[in-house]
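Trainee: I am new to this structure. Could you take me through the main features, one at a time?

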Amino acid sequence: MDSGGGLHTRRQILTRHPDLRLINANNIAAAASTAEAPNRRFEYKYSFKGPHLSQADGSIPFWVHSGNAIPSADQVRITPSLRSQKGSVWTKSTVNFDNWEAEVTFRVSGRGRMGADGLAIWFTTAQGLDGPVYGAADNWNGIGIFFDSFDNDGKKNNPAVLVVGNNGKLVYDHPNDGTTQALGTCLRDFRNKPYPVRAKITYYKRTLTVLINNGFTPDKDDYEFCTKVDNMVIPQEGYFGISAATGGLADDHDVLSFLTFRLSEPGQELPPPEAEMPKQDKDKYQEEFENFQQDLDKKKEDYQKEHPDVQGQPIEDMYESVNDREIRQVFEGQNRIHLEIKQLHHQLAVILDEQRRYVSVATDEISKRQGESGGQAPSQEMGAVVATQQEVLRNLNELRNSFYESLKQIGASQHQGNAVGMGTYETVQHFNDIKEHLHVVKKNIEHLITRTGNPSEKQVMNCPDPPPMPSCLGTTHFLVFVVIQSVLFFSYIMYKSQQEAAAKKFF
């Protein structure tokens, strides 16, 4: 364990060199293990996440959006990947927590090797709906955590994460990427990651800590230490916000969730959420609830007047129970099996007709050959073919009988289920019988495939007989052909020589 002086020395090093990565998340967790963790309570009025993030009119509950922000069911696209776009989302109500923690999940993606301009997470006394600082207003009063993706100063120190505070009088230093005003910074590449990037921003006991999940792993709790600012005083009340902007280059800036938690010291009890609600809001919600209850009672009365036959019937009888749904699904599956077996039965009948035709043709061919050969016994090959065809025909008949038995079993079980009731022992027994018959059908099909495949494997390819001797080309013919070829060759050589001698006379 480090002493107090050692921790103080490391804080001085991090303050002088904010981009130095000497402390990782494991060391931070080990140092914080000596102190008891604060209590956390989720605040839904200052949070959003998917699914069903936006309402039908495109608004976000408890939040407002401006500029080019596009809410959807799963995320909020702060800016699309177009040039010179600005957008932001802000909480409608002010936050008056002494200590808080925000977990932001976002994705910055673009086609180019470099992106612009970046994304910012705010806690300010006023809603900066529009402005030059990542799509939000300048001269803010509060704190901003900037994810800067464009290198304005040309020092090749981007993408970077910066913590910049303002009392409402400072103008953001764009040419230097805000490095002259940054209270803490770290280099992190947050563009085009396989998983969404996560930022955990904690303000507890006047200490602001920023942890980053770099988006290389699906583990949501795999955070790395980015920066830490001690003795930081921010406004007591303010608005949470997220903004983004694009310039000459463009990225898609998508925020998937923004989760806010109120932190309290161990042992300190937080007031219940109802006690924190103003009386005016309580009266308004109570009035809405009473109006809704009156409308519901009126609709119940109108329904009972229109349907007098269902009066006094338990409401549970009007809906399908879990057992009824399961039995209905079983019978629907049985009906599908019944239809499939009927189709197989029909196809099997067609195959039987074809097989009978093949056996008839083979028998006629055998009789014909036997008559031509004067009563000799049929050949061994034809006998094997006929035996195989008869075996196939017998197997097909057995298969057809199995299908017929399965159809009878399914019909009997369905009739019994409709007449007597479902879920009885007899119905279960019929299900087992159907299963056994289907197993028999499967075995018959496999046996049929095996029987039909064996004869073809035993057949032997007979080569044609060689032609009778002597061969077509005799010795005399061959010698005459050679002599003629030799005479033609020498004649051509002599003719060529005479032509060349005649041509030399002209030179």
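**Burial, core and cavities**

Mentor: Of the 507 residues in the protein, 33% are buried (under 20% relative accessible area; exposed is over 50%, partly exposed in between, with a 1.4 Å probe and protein chains only). This is a predicted model, where local features need pLDDT of at least 70, side-chain atom pairs count only at pLDDT 80 or more, and totals for chains, interfaces and linings use all residues. Residues are numbered from 1 along each chain as its sequence is written, and side-chain values use heavy atoms, with hydrogens and water left out.

Trainee: How many helices and strands are in the protein?

Mentor: Both are DSSP runs, numbered from the N terminus: helices are H or I with at least four residues, strands are E with at least two. The count is 8 helices and 16 strands.

Trainee: What percentage of the contacts with a separation of 6 or more comes from residues 24 or more positions apart?

Mentor: A contact means heavy atoms within 4.5 Å. Among contacts with a separation of 6 or more, the share from residues 24 or more positions apart is 67%.

Trainee: What residues is Phe106 in contact with, leaving aside neighbours within four places in sequence?

Mentor: Phe106 is one of the residues that touch the most other members of the largest core. Beyond its sequence neighbours, Phe106 is in contact with Phe147, Phe190, Pro196, Val197, Ala199, Asp254, Val255 and Leu256.

Trainee: Which element gives the largest share of the lining of the second largest cavity?

Mentor: On a 1 Å grid over the protein atoms alone, a cavity is a set of points where a 1.4 Å probe fits but cannot get out, and lining residues have an atom within 4 Å of a point. The search finds 2 cavities of 30 Å³ or more, with points joined across faces, edges and corners and volume taken as the space filled by probe spheres set on the points. The elements giving two or more residues to the second largest cavity are β7, β8 (118–124) and β9 (141–148). The largest share, 3 residues, comes from β8.

Trainee: By class, how many nonpolar residues are in that lining?

Mentor: Ala, Val, Leu, Ile, Met, Phe, Trp, Tyr, Cys and Pro count as nonpolar, Asp, Glu, Lys and Arg as charged, and the others, Gly among them, as polar. The lining includes Trp100, Ala102, Ile121 and Phe240. It has no polar and no charged residues; the nonpolar count is 9.

Trainee: Is Asn213 buried or exposed?

Mentor: Asn213 sits in strand β13 (residues 207–213). Its contacts beyond four places in sequence include Val197, Arg198 and Tyr223. Because its relative accessibility is 0%, Asn213 counts as buried.

Trainee: Which backbone oxygen does the side chain of Asn213 reach?

Mentor: A polar contact is a pair of N or O atoms within 3.5 Å; within protein, one must be able to donate a hydrogen and the other to accept it, and residues adjacent in sequence count only if both atoms are side-chain atoms. At 2.8 Å, the Asn213 side chain reaches the backbone oxygen of Asp219.

Trainee: How far apart in space are Gln85 and Ala244, C-alpha to C-alpha?

Mentor: Gln85 lies in the loop between β5 (76–79) and β6 (86–91). Gln85 touches Ala244, among other residues. The two are 159 residues apart in sequence, while their C-alpha to C-alpha distance is 8.2 Å.

Trainee: Which residue does a cis peptide bond join to Asn158?

Mentor: Omega of this bond is about 0 degrees.

Trainee: What is the phi of Tyr134?

Mentor: Tyr134 is in the loop between β8 and β9. Tyr134 is buried, at 5% relative accessibility. Although Tyr134 is not a glycine, its phi is positive, about 50 degrees.

Notes:
Core = buried A, V, L, I, M, F, W, Y, C linked by side-chain atoms within 4.5 Å. 1 Å grid on protein atoms, 1.4 Å probe; cavity = no way out; pocket = protein on both sides within 12 Å on 5 of 7 lines; lining within 4 Å.
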